[in-house]
Structures are given as C-alpha cells and as structure tokens.
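Subject: Structure for you to look at

Hello,

Here is the structure I said I would pass on. Please have a look at it first; my notes follow below.

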Amino acid sequence: MSALSALVRRGLRSAWERRWLFAVPVATFLLPAAVWVVHLPDTYRASALVSVRQVIAARPGGALPTTQEWRPEQILATARDRVLQTPNVAAVVPLLWPKGNPTDTYTLNAVRGKVLYDQVGDTRFAVSLEHPDPALAAEAVNALLDAFLHNEREQKVRVAEGQREFLEGEARRAREGYDRALDAMEAFRKDHADTMPDQKDSITAELHRIEQEVRERENDAQRSRMLVPEVDKMLRTTVPSGTAGGAPPTPDEVVAQLKVTSAQAALDQAKKTLAELRLRYTEKNDAVKSAVLQVSLLEKDVDTAKVGLEAARRRADADASSRRRTDSEGLLAYLRQWRESLLGEEERARAAVTELRARSERLAARLAEIPSTDDQLRKLKPALESAYQASLRAEDAARNARAAAEFLRNGDTGDTIGFTLESRAVPPVQPSGPGRMRYLATAVAFGLALGYGLHVLRRRYVDDDLVASPADIADLVPGALVVAVPLVGEGPAPRRGVVVDWACAAWVALCLGGALFALGAHKGWVEAPAWFRPWLGGRA
Amino acid sequence: MIGEEPRDVPAPASHEGRPVVPPPPGMPDVGAPAPTPPAEVATPYGLVPSQPSSSAAALLAVSTDGARLVATPQPDRVTADGYLRMTARVLIESPGEASRVVGVVSAHEGEGRTAAAVNLAVCLGRAKGRRGRVLLVDGDARRRGLTRLFCGTGPVAGPDGAPVPHPTLIGTALEGVDLMTAPDLDDGLTVSTPAAWVHTFRELGALYPHLVVDCPAVLDDPEGLVLRECVERIVLVVKAGETTRTAVTRTLGSLSGRVLGVIVQGAHAADGGWR
C-alpha cells in the first residue's frame, strides 16, 4: 500500500467517522433554504446603457476661472455616486413603493440597495434594477436615469446661469462705465466747445477771412475818404444853372470818373498793403497770394473804370444838350448826397473794421487755448477708449454665456453633460433571479462551516483529552510499554451508537427528501400538494 | 465504606482437603471444570489445575453481558503482538525467582480491564515452564468479574459437594493459570486494608511467581485505590476514544513509576496519528 493510498484510506475513514458531524448541519440548513428559495418570486433585471464622453466647455468670459474638465475614466469613477444621488433616487420611490416617503433616508437607501451599477468597457456603464414586475423594473430604471440626466443638466445649467448673470452684471457695469466716460467727454466738449482742436482750421480760416475783410473794409474807408475831396472838388467846380461857363460833366461822366478814382485809390492801397506783406512774408504766404490776387483784380477794375469813363465822355460829347446843362442843380444835390453817403460808408467801414478786429482777437484767444484743450482731450480719450473696449468685451462674454446657457438647456445630453442614454431599459422576458442555486450552495456552505466548527470545538475541548492512540498517553507514563490492541471479540455495536446513527440518517434523509421535494415541486417535476402550492413562488 | 475500618482480606482457604472447583452453569468451553490434577503437578496448596484445552490456547474476551469468556480462535497479529510484548516486559522486569504482583488497573469500568488481565495471565501462564504457574486474582469484590466468569454467581462447591466460601483458589482450564476468587462482602461498603492485601500477596507469592491482580476501577471504587498501592507493578488499561488523559493521570496518581505498560484497547498502533 503506497503512502498516498494509505493517506486516502485514512482520510476516507476519518470522514466516515465524522459523517454525521457534517451531514446533519448541512441537511438541517439545506431544508429550510430549499423551502425558502422555492417561495421566492422570480425577479427580472432591467438594464439601461449610458455612454460617457468628455465635454470640452469653452470659457464664456475671461473673467471666469479655468475649470478642468473630467476625463471619461474620472466620470465613470464617480458616475455611480452621481446616479445614486438623493434627487435621482427619490424619483424611483413612487414607482417601487407608492406609499413610500421619497425623503425618508431608509427608503432612499433601500432603493440604492436595489440599483445595480456595472461598468461596461471604458466609456459606458449599465444601470440595472431587479423587481418581480419586469415592466416596473424597466420603468424604474428609466425614471432613475431620466432624473439623473435632468438633474445633471440642471446642475450644469445652474452653473452656466450663474456665469451668465455674473457676466451680464459685468457687462452692465462696463456699459455704465462707458456711459460715464461718454458723459465726461460730452461735458468736456461742451465746456470747451470754442477751443476744441477740430476747430483749429476753421478758426484759422476765419481769422484769414476777417483779416481780408478788414483790409477790404479799410480799403473801402480809404476809398470813400479819398472820394470825398473829389466830390468836394466837383462841387466847387460845378456851376449852378443859368450861370456862364463851360458845359458841366454829365452824371455818367462824374460817376465814371469817381469809379476810376476809387479804383485807382483802392489799387494804390492794395499795392501798399502788398508791399507791406512782402516785407513780412514770403510769396508762398496765403496773405501775400491773396494780396497779389487782389491787386490784379483792382488793376482790372481800374482799367474797366477808365474804359467806362471814356465811354461816358463820348456819350456826353455826342449827346450834348441843354437839358443836360439845366440839370446842374440836380447834379449838385446828387453830389452832396453822394458826399454824405461816402462819409457814411467810411464811417460804417471803420466801424466794421473795429468790429472785425475785436472778433479777430477773440478768435486768436480761442486759437491759443486749443493746445491746452487738446492736451486735456488726449487724457480723456484713452479712458473713453478703454471703457469702450471693456464694454465690448463684457458684452461679448455675456452674449457667449447666454448662448452657453441656452445650449445647455436645450442641447443634446451627450454634448452638454457628457452622458448619453444609449439604450433605455425595456421589460425583460427571462427572469434573472433569485439565485436559488446560490442560496442552496450558501446553505450547504453554512452547514459545512458549522460542522467544521463543531469538529474544531470537539477536537479542542473533547477529543484532545481523549486517549485515542498510544501516542496520546506515552508522555504520561514515561518508561512504560504502551501497546495498542483492538477490542478483542467485541460484540455488536453499542445500542446508543446505532440509535444515533439511525436518528442522524433519518434526519438527513428527511431534510434532503424535503429539500428535493420542494425543489421538484417548484420545477414541476413532482405534483405539489394543494397546501404547498400557495407557498411556491414564481412570476409575480 | 471508605473512612470506616477496612476489613481484612480473608485469607484463601487452605489447599488441604480443598475440593476441585466445579464449572458453574453457563461457563464457556474454555472455562470448563478442571479435571482432577495428577499428583506430580500438585501445587503446594494442593490445588489441582485444569488441563489445558485446545481452545484455551486462544486469547479471550469478555462477552457483552460480562458473564462469559469468548475465545478468539485466531487472534490478529496486532493483538497477539501487543500481549506478547507486554508479557515479555513483565518477565524482563521480574528477574530471578522473586514473585511479582502485577496489578491490572483502569480508570473506569468497561474499559476491557478484566479481559486484559485474563489475556496477560494466559500469556504469562504459557511461560510457566520457566517461571511456574500464574495466579489470577479477582480483586474486585463488588463486581466479582473473574469469579463470575469462572465460577458463576453461586457458591463454589467442594469435592464433597459442600459449598466453599470465598475467597478460594481454583484451577482453570487456562494453561498455567489459577484463580483466586473475590472475597464475599458482608455489605457493599467495606474496603480492604492495604496491609491485608500486602500480606495476602506475600503469602501467595510464595506459591506463584506471578500474580495478576484484576483491580477494581480506580476512579469508581475505593478498593481500586487500595489495590493500586499494594501491587508492585501496574499495567494500565485504557479504552481508545473513551478514556481521557485526565482520568489516566488521576488513576496513576504518583505511581506512574510503577507502570510496566499500558494497553490501549480499541486502537490501532499504525493509526495513532490519524486524528
């Protein structure tokens, strides 16, 4: 006999000697477990699949901090806790327990205990729920995931709305700042309306125009003053009517003569002014150019006046008549009136010159203040520009935030919150539980564990003190010969042992038979009696 | 009764005019009444031992009811080897011609002590050619196991038919084995004195080189405690799976040095470590 076979035989004998120590607990656990498992109703597991992907959200505004978006594995790592949050679970309570309190912690935990979460691959997870009613199981899973997606979206929308409100407030403040800058600019422009830099050219041109007009007025005054002696001379030379003498000039001749004289005087004055300007400015100066042009025009006027004078004299020679001679009184009156008008014109010209000079002085003063105003304006413009740019940026950010919030509110869940409900739960056809074999195996395991525990206790507290072999007693009798002999000629087995054997065998047979009967009745292998049928579970 | 004045062990009846013990009713074959011994083998006490029979060569066991000795015609090698080794140990520990009183003790009743004592006596008796006959002493006055096995429950009838009081020496059919029956007790409460047992053993030791004393259970009978102190050597009998080490320790007390050997009934030497 080899050592292995001896070991096997010894093990078998040991197991046989302890057969009831293990068989009785196993059978005792197995019977109630079998009766219980056949009573359990069938359960159906409804599952829904959700995919996860990373959502890259752009910052709506530069004023907001940068947020680190989660990777898919991070989302999956926290998805179970997010799915089982209280608001989501509370949506399932009315389905599973219509009279349950959705705010009760124990009820919520009971729902959490029924929800199964399984990760599928790297980017998907499944949410399942077992219930005797397959339709209710599917409905509960869908309600849970709908609530989950809704709450996730609401959470994102709340964040986006917060950003939007913040950025809109920023935009409003930026706009108010820009308005204040604009008001300050307007007030400044109003306060410095006469000295704004953009008026520099117009003021300069006005000054030139006034200078020219002053010169014209002065020329007019000068011409009028120069015509007065001529008129006085003509008054002195004009013979009253009926008196002897040569024929007096006709009024046309007088007027033409006066025009020539006046034009000549104006030309002389212009030439004088031109000479003065050339002493001060170059030929490119506008005043010099204007004076040169004026001189040329006056020269043409003089020539024109002389031509007119010649024509008047020819008409007078050709039309010499007595009537003309009898009009000398009228001529005198006319000359006197003209002289008065010349004096008046001179006076008005000088008054106009005075007024124009005053105005010129005011314009010069305004022109002198323009650099200061320009400096102040240069200081105001950057602030206005900065406020304008800030307002534009804030408006842009607020517009983006509004768009982001709107997108989160109405966009696809996969694009907004990263979760996509790939397949909704449908009522399952085949039952998924209960794991009756698992329960039975557990009962067997419990029985074996109890038997082993009894075996250990027996070894520790009973068997260890028993003498079972010579080795157990050798240390008590040192030096003595210890021999082992079988019980010679022992009679039949003790009655107590037989009774125990039969009792244990009967109990084990009863338990195993009962368990097999219960399982067979559940499977339909045997006809269950009427009293046992209500106990059998199955489809709810 | 323990604590009362112990009663002296009654001296066995003289061999003079001693009748041959008739077989009690129900006596097994091996215990058949001994025929009249030849004169040349007469003992100093005049006891005529029984002639050995073929069945007496076997090892013996006590029947379940304790009333019969059952022969094991073909004892297994392990059993025979165990008793032979124990016999050899007794002989080795008994040098010279000095008598040796070997007490077979156990902690409790029912551990196979009587059968072990008979078998040990049988094995020693077969060595009589070298050491002389062996006297098997029934020291259990209450249970009277050996006496009942060999003489039945009634009084022993002498050669003249008159009853002989216990204790007495009778011859047995076992080869080289005589038996001293247990004394009759006036009541169940008396306990013998050690001095009486020592005196009796000394007197019997002059006649038998070996005395095998079937002692009462030490932990069940105070007589066992007395006899445990009186014997020279002890053979302890334990029953595997029933006797505890604590009981063994209490049984031996401080006399573990006198233990010649231990017979473990119901155990296999080869399976000593299966637990």
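In this predicted model, the charged end of A:Arg19 lies over the ring of A:Trp16, at 3.9 Å from the ring centre. A second case of this kind involves A:Arg438, whose charged end is placed over the ring of A:Tyr439, 5.8 Å from its centre.

Next, the aromatic pairs. Over all chains, nine aromatic pairs were counted. One of them joins A:Phe125 and A:Phe419 in an edge-to-face arrangement, with 6.2 Å between the centres and 80 degrees between the planes. This pair connects distant parts of the chain: A:Phe125 belongs to strand β3 (residues 124–131) of chain A and A:Phe419 to strand β4 (residues 419–423) of chain A, 294 residues apart. A:Phe125 and A:Phe419 are both buried.

Another pair is made by A:Tyr178 and A:Tyr388, and this one is tilted, at 5.2 Å centre to centre and 50 degrees between the planes. Here too distant parts of the chain are linked, since A:Tyr178 is in helix α7 (residues 134–191) of chain A and A:Tyr388 is in helix α12 (residues 328–410) of chain A, 210 residues apart. A:Tyr388 has 33% relative accessibility, so A:Tyr388 counts as partly exposed.

The rings of A:Phe125 and A:Phe419 also belong to one aromatic cluster, together with A:Tyr117 and A:Phe148.

Now the salt bridges. Side chains of opposite charge can pair when their charged atoms come close. The count over all chains is 45 salt bridges. In one of these, the side chains of A:Arg82 and A:Glu152 meet at 2.7 Å, N to O. A:Arg82 is in helix α3 (residues 72–83) of chain A and A:Glu152 is in helix α7 of chain A, so this pair ties together parts 70 residues apart in sequence. Are these two side chains buried or exposed? A:Arg82 counts as buried because its relative accessibility is 18%, and A:Glu152 counts as buried at 5%.

A:Asp396 counts as partly exposed at 34% relative accessibility, and A:Arg399 counts as partly exposed at 44%.

In chain B, B:Glu229 forms a salt bridge with B:Arg228, and the closest N and O atoms are 3.2 Å apart. B:Glu229 is partly exposed, at a relative accessible area of 39%, whereas B:Arg228 is buried, at 10%.

Some salt bridges join into a network: A:Glu161, A:Arg164, A:Glu168, A:Arg402, A:Glu406 and A:Arg409 are linked in this way.

Last, confidence. The average pLDDT of chain A is 85, and 91% of the residues score at least 70. Among the elements of chain A, the highest mean pLDDT, 93, belongs to helix α4 (residues 86–90) of chain A, and the lowest, 55, to helix α11 (residues 322–326) of chain A. Over residues 489–493 of chain A the pLDDT is below 50, and this stretch has five contacts in the model beyond near neighbours in sequence. Where pLDDT is low, the predicted coordinates should not be read in detail.

Regards

Note on methods. Residues are numbered from 1 along each chain as its sequence is written. Chains are lettered from A and ligands numbered from 1 in the order in which they are written. Side-chain values use heavy atoms; hydrogens and water are left out. Rings of Phe, Tyr and Trp (its six-membered ring) pair if their centres lie within 6.5 Å; planes under 30 degrees apart count as stacked, over 60 as edge-to-face and the rest as tilted. Helices (H or I, at least four residues) and strands (E, at least two) are DSSP runs, numbered from the N terminus. Buried means under 20% relative accessible area, exposed over 50%, partly exposed in between (1.4 Å probe, protein chains only). A charge sits over a ring if NZ of Lys or CZ of Arg is within 6 Å of the ring centre and within 35 degrees of the ring normal. pLDDT is the predictor's confidence in each residue, from 0 to 100. Contact means heavy atoms within 4.5 Å. A salt bridge is a side-chain nitrogen of Lys or Arg within 4 Å of a carboxyl oxygen of Asp or Glu.
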